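Here is a friendly note for a colleague meeting this structure for the first time. Please keep the model open beside you while you read the points below.

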Amino acid sequence: MALALSLGVGGLFAAGVYQLLGREVFRMAFGLYLLFTAMNLLVVSVTARPHLQAPLGGLSAPHADPLAQALVLTAVVIGFGLSTFLLMLAARLVRQQESLDGRRARRWRR
Amino acid sequence: MIPALLLAVPLLGVIGNLALPGRSRLRGRLILLVALVSLGLAIAQERTGALTLAVGGWAPPHGIELAADALSRLMLLLNGLIFTAAALELESERHERPMLATLPYALLLFALNGLFLTADAFDFYVFFELVAVSSYLLVTQGQDHPLEAAWKYSAQSAVGSLCLLTGVAFAYGMTGTLHMHDMAMRLPGPLTWAAPFVLLSFLLKSALFPFHLWQPDAYAAATTPGSAILGGILSCVGLYGLLRLGPLFLSPALHLLLQVLGAASILYGGIAAWREQDAKRLLASSSTSQLGFVLLALGWGSVAALAAAILYLVAHALGKALLFLVIGRLSDEAGSTRLADLRGRGQGRIGLQIMGLLGGLSLIGLPPSAGFLAKIALLRAGIELGAWPWVTVAVAGTLMTLGYVIRLYQVVFLPETGAPAPRAIAKSGMAALAIVLVGLGIAGAPWYEACQRAALELRP
């Protein structure tokens, strides 16, 4: 399980960074979304550890830690919202520049 | 009760902003009202002293706690003050789309108050992200190529926020708690291997070398009150986070790294500001340099150095917000932020000239201003530790500051142009900041003690 999660995080992270380093704004926004997903998976994997138990109610080992799930859920929502914002911004930028290439912007070159 | 009100009032401001009819000009006044109430609450908080509130009645460490310790109270005061000054400026402006132009301010006030109050590491991340998104929105509403600047800023800053989430998750995975104080208790030592994530995130947010690339564009794109908020209070956020969460992650070796990056920021920012041909970008690069001093002092790590770092953070925020308001006012009239277009614009404007001079003096660290006290405390902390190479860098950085402030002042205020008589303008926001700046410089004892108390609370 740990190996599968690590491979998943690594793969998503690599894909995200590759996209982020590209020139097209939509690919960059999508790369960021992949990075968010990689990090959410990472949060799952570091918080799903046997010594972490539900802090209330005295539930022990076979019960998952609900706090970790709450964290990931919040992080998923934030990541989704932020990606939406970035995509909207990218769309406005593309319409204004009439180009997908972020570096054609005058400011970008400075 | 006060901590809850500090969150509830700005949130009501956000709701009010959305509820007002589309073109209503009341929005600026609403922001001003909310900022004033927030400032009043922060003052009340400072007078009552430490207050904590366990949200929903769940006792910490299981529940979420709002805690106003000395550092939080200081930052809340600073936040209220800078927002009041910026809102006075915002209120006097006309906007094509009033809702979009004013909404980011209400959101930012809420998010920053929350960030400074929370004692819960995950809440800290959530507020950090909320601050970030609101500030992207603030930049998109700017005037000088705002979309490119906002894109650059948000794409880089989003990576930083992600890294903060990762750091917090690692700390939670190791300790099983999210309460910052409880976390520090349960950790056997600093989580050095998770430190790069947290460092990246905080250095990016405060635009320190080598993560400063987004910053001049974003500051130059923002409107006058927007750049005062960005340069004043938002630039503090990363270093505030480092003060709060740093002890969980930073080992002695990393303190050396902080000193190196601090010194690099001081020198790089100084040179960049010296070469800059645009007034707002000059002030932005100067932020990289000035916050480098704070990072340097954080790297020293003694209680005196921490107190000096907090003093410096506050003094820089006040002085930089004041300078952005002054330069912003002049560049709004000139229709350009380029130094060449601003030549002689401030000639004969006694009020603006005095404000600009005070802000500049504080930035350099000369009396009678808050910056003087902060600079002396910082150099003394360094000399006490015998850190001579770093003190030399700090003095060199101060000389560079002197250089670019004189250059800015010379270009904007001195040349005779024979321009038409300036019209009367409201300067109440700038005046408020200038009065506080001088007040802290002349009667700075309570402020100095508050910073010392904050440093002692951070390093028991």
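**Notes on chains A and B**

1. Let us begin with chain A. Among its contacts with a separation of 6 or more, 57% are between residues 24 or more positions apart, where contact means heavy atoms within 4.5 Å. Chain A has three helices and zero strands, and its pattern along the sequence reads α-α-α. Helices (H or I, at least four residues) and strands (E, at least two) are DSSP runs, numbered from the N terminus. Chain A has 110 residues, of which 39% count as buried; buried means under 20% relative accessible area, exposed over 50%, and partly exposed in between (1.4 Å probe, protein chains only).

2. A word on how to read the values. This is a predicted model, in which local features need pLDDT of at least 70, side-chain atom pairs count only at pLDDT 80 or more, and totals for chains, interfaces and linings use all residues. Residues are numbered from 1 along each chain as its sequence is written, chains are lettered from A and ligands numbered from 1 in the order in which they are written, and side-chain values use heavy atoms, leaving out hydrogens and water.

3. How many residues does each chain bring to the contact? Chain A gives 39 residues and chain B gives 34 residues. The area buried between chain A and chain B is about 3400 Å², with 77% of it from carbon and sulfur atoms; buried area is the accessible area (1.4 Å probe) that two parts lose on being put together, summed over both.

4. Which elements of chain A take part in this contact? On the side of chain A that touches chain B, the elements giving two or more residues are α2 (25-47) and α3 (66-97) of chain A. The most comes from α3(A), with 15 residues. That side of chain A divides into 27 nonpolar, six polar and six charged residues. Here Ala, Val, Leu, Ile, Met, Phe, Trp, Tyr, Cys and Pro count as nonpolar, Asp, Glu, Lys and Arg as charged, and the others, Gly among them, as polar.

5. Now for the aromatic rings. Over all chains, the whole structure holds 17 aromatic pairs. Rings of Phe, Tyr and Trp (its six-membered ring) pair if their centres lie within 6.5 Å; planes under 30 degrees apart count as stacked, over 60 as edge-to-face and the rest as tilted. Phe122(B) and Tyr125(B) make a tilted pair, because their ring centres are 5.7 Å apart and their planes are at 50°. These two residues are about one helical turn apart, since they are three residues apart in helix α5 (residues 121-140) of chain B. Both Phe122(B) and Tyr125(B) are buried. One aromatic cluster is formed by Phe85(A), Tyr136(B), Tyr153(B), Trp214(B), Tyr219(B) and Phe324(B).

6. Please look next at Ser72(B), in helix α3 (residues 70-91) of chain B. Is Ser72(B) buried or exposed? Its relative accessible area is 1%, so Ser72(B) is buried. Leaving aside residues up to four places away in sequence, Ser72(B) touches Ala67(B), Phe116(B), Tyr240(B) and Arg244(B). The side chains of Ser72(B) and Arg244(B) are joined by a polar contact of 2.8 Å.

7. Gln259(B), in helix α11 (residues 252-275) of chain B, counts as buried because its relative accessibility is 10%. A polar contact of 2.7 Å links the side chains of Gln259(B) and Trp390(B).

8. Finally, some backbone details. Most residues other than glycine have a negative phi, and most peptide bonds are trans. The Phe209(B) to Pro210(B) peptide bond is cis, with omega near 0°, and Pro210(B) sits in the loop between α8 (195-205) and α9 (215-221) of chain B. Ala207(B), in the loop between α8 and α9 of chain B, is not a glycine but has a positive phi of about 55°.

Definitions and conventions. A polar contact is a pair of N or O atoms within 3.5 Å; within protein, one must be able to donate a hydrogen and the other to accept it, and residues adjacent in sequence count only if both atoms are side-chain atoms.
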